[in-house]
Amino acid sequence: MKNKVVITGLGVVAPNGVGLDAFTEAIKNGKSGIVFHQNLEDLNFSCCIGGIPQVSEEKKLEYLTPLQLRGFNSSGILYGCMAAIDAWKDAGLNVDPKSELDYDSGTIFGTGTSGVDKFRDAIYKLDDKQVKRLGSTVVVQTMASGISAYLGGILGLGNQVTTNSSACTTGTEAIIMGFERIQSGKAKRMLVGSCSDDGPYIWGGFDAMRVMTYKHNESPTQGSRPMSASASGFVPGSGAGAFVLESLESALERGATIYAEVLGGHVNSGGQRHSGTMTAPNPEAVQKCITKAMDNANIKSSDIDVINGHLTATSKDVLEIENWIKALNRNGKDFPHINSLKSMVGHCLAAAGSIESVATVLQLNGQFIFPNINCEDVHPEILELIAEEKIPKKILQKELRMAIKASFGFGDVNACVIFKRYIE
Amino acid sequence: MNKEELIVKLKSIVAPYIQDEVAFSNLSESTNFITDLKINSANLVDVILDVEDEFDIRIENDEMEQMTSVKAAMDIVTMKLADK
């Protein structure tokens with residue numbers, strides 16, 4: 001007998017809102033978190049805009065101790081800790097440094113690169129022959145599993161504590177991995193999510209690839225344009241999203257608030273075969289990932305009310321819509337509603353899947369579909385495939401039962417997860 | 001710098017790292033950083049760096065190994081300052 005898995009806690013640190021309340025307000029109102037960054041221009045970036053969560057020094061102290069913040073320079077770990085601790089508390093669980101070790105709870109919290117600014121500091125010191133002056137936290141702030149290591153200690157987690165990394169698929173993959181661990185009975189509770197650093201050393205490689213837009217340095221909030229005819233590349237973002245996943249039994253036992261049920265999901269790879277490459281998805285694998293997720297959740301495509309796409313605002317958006325159509329076998333007016341959070345927060349890279357999944361679950365819980373901004377000129381090839389009304393540009397109050405979310409990452413890796421509204 | 005001044009300075013340096021408030025308030029020459037103040041061994045590295053910065057000195061690996069108590073720290077700092 002497989003355990004049912006539900007969501008009992010949410011946390012989010014996003015460019016357009018830090019904390020669940022601010023973020024919910026922001027996505028309902030189509031608030032953009034994209035701004036111009038002078039340091040990017042000073043470094044000769046083509047794309048000088050991006051999304052960075054606003055966190056004051058005072059706010060940091062609500063999550064990390066003054067000692068933890070000494071010599072601390074890892075934005076991703078900060079955002080990850082904030083989102084995760086928020087999710088943990090939101091689930092009605094305690095944060096107590098003296099708590100008993102909890103063997104029933106673990107974490108799978110992903111990232112792409114951790115502590116890149118800390119790493120840069122360390123490299124400069126090291127090249128200056130000052131290796132002895134690095135201090136004690138370079139390793140924990142720059143190791144990939146830094147985020148899960150911080151969380152394991154802060155919360156006293158005794159089940160699996162690990163970090164996954166699969167580019168822009170990371171956050172969605174983490175949800176599925178945690179889901180499977182609870183479903184199979186290996187854990188009662190898993191804190192899952194992902195985080196990403198921000199700034200020039202994370203974003204530079206993408207600028208070099210010319211995949212980010214350089215056309216909106218004067219109009220940052222209009223820069224991220226998923227599904228739009230004038231989409232000209234993605235806008236980089238950062239932050240973190242977190243979920244407390246829990247067996248239904250455990251959630252009911254605790255009397256916890258249940259946001260939604262995780263029905264199932266699937267993770268696969270296109271193997272960079274057929275038209276898949278290191279940076280472009282193999283359409284066959286994408287479609288298979290979506291259909292396998294539906295099989296795993298034991299639902300029909302007609303059950304799906306809303307899609308939260310990967311939709312980065314590059315030329316690949318049309319291909320993604322084609323893939324959804326083929327996988328769901330629905331098109332035109334029969335296609336579900338679809339939106340992309342990237343219009344407001346940009347592409348938060350490793351954090352994208354988790355932040356976007358938080359938005360997806362908030363929709364189910366609040367019975368609304370958040371608007372796509374910067375999509376007044378829907379791409380004509382997309383309009384040939386699906387009805388324009390399926391791409392809401394204003395918030396839509398609607399009865400929703402089932403939402404599907406997918407992420408596709410560099411390396412040709414895919415993840416797709418299905419959430420269902422929970423009704424007692 | 002006399003002993004009392006040195007202890008006051010060392011006390012302010014270790015303050016952020018201590019895990020035992022009582023031992024910290026009773027800090028004396030005989031206080032051990034690890035067993036009394038419960039400073040973890042990774043953080044002891046940071047204490048040494050802070051001492052280096054505060055007194056503008058450099059502490060070598062073998063000296064660092066000996067610097068487990070307030071007394072040992074005072075001796076090494078005093079010696080380094082005299083050599084300057």
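Start in chain A of this predicted model by selecting helix α8 (residues 170–183) and helix α14 (residues 352–366), whose axes come within 5 Å and cross at roughly 70°. Angles of 65 to 115 degrees count as roughly perpendicular, so α8(A) is roughly perpendicular to α14(A).

Next, show the side chains where these two helices touch. On α8(A), pick Gly171(A), Thr172(A) and Ile175(A).

Which distant parts of the chain does the pair link? Glu376(A) lies in the loop between β12 (368–369) and α15 (380–383) of chain A, while Arg225(A) lies in the loop between α9 (200–208) and β8 (239–247) of chain A. Over all chains, the count of salt bridges comes to 26.

Now bring chain B into view and turn to the interface. Seven residues from chain A and 14 residues from chain B take part in the contact. Between them, chain A and chain B bury about 900 Å², with 46% of that area on carbon and sulfur atoms.

How many salt bridges are there between chain A and chain B? The count is four. To see a salt bridge between the chains, select Lys132(A) and Glu60(B), whose side chains meet at 3.6 Å, N to O. Also between chain A and chain B are five residue pairs in polar contact, both residues at pLDDT 80 or more.

Finish by colouring the side of chain A that touches chain B: two nonpolar, two polar and three charged residues are found there.

Conventions
Residues numbered from 1 in each chain as written. Chains lettered and ligands numbered in written order. Heavy atoms only, no water. Axes fitted to C-alpha atoms, helices over the stretch in contact; angles between N-to-C directions. Helix = DSSP H or I, 4+ residues; strand = E, 2+ residues; numbered from the N terminus. Parallel < 35°, antiparallel > 145°, perpendicular 65-115°, else oblique. Contact = heavy atoms within 4.5 Å. Buried area = accessible area lost by both parts, 1.4 Å probe. Polar contact = N/O pair within 3.5 Å; in protein donor to acceptor, adjacent residues only side chain to side chain. Nonpolar A, V, L, I, M, F, W, Y, C, P; charged D, E, K, R; others polar.
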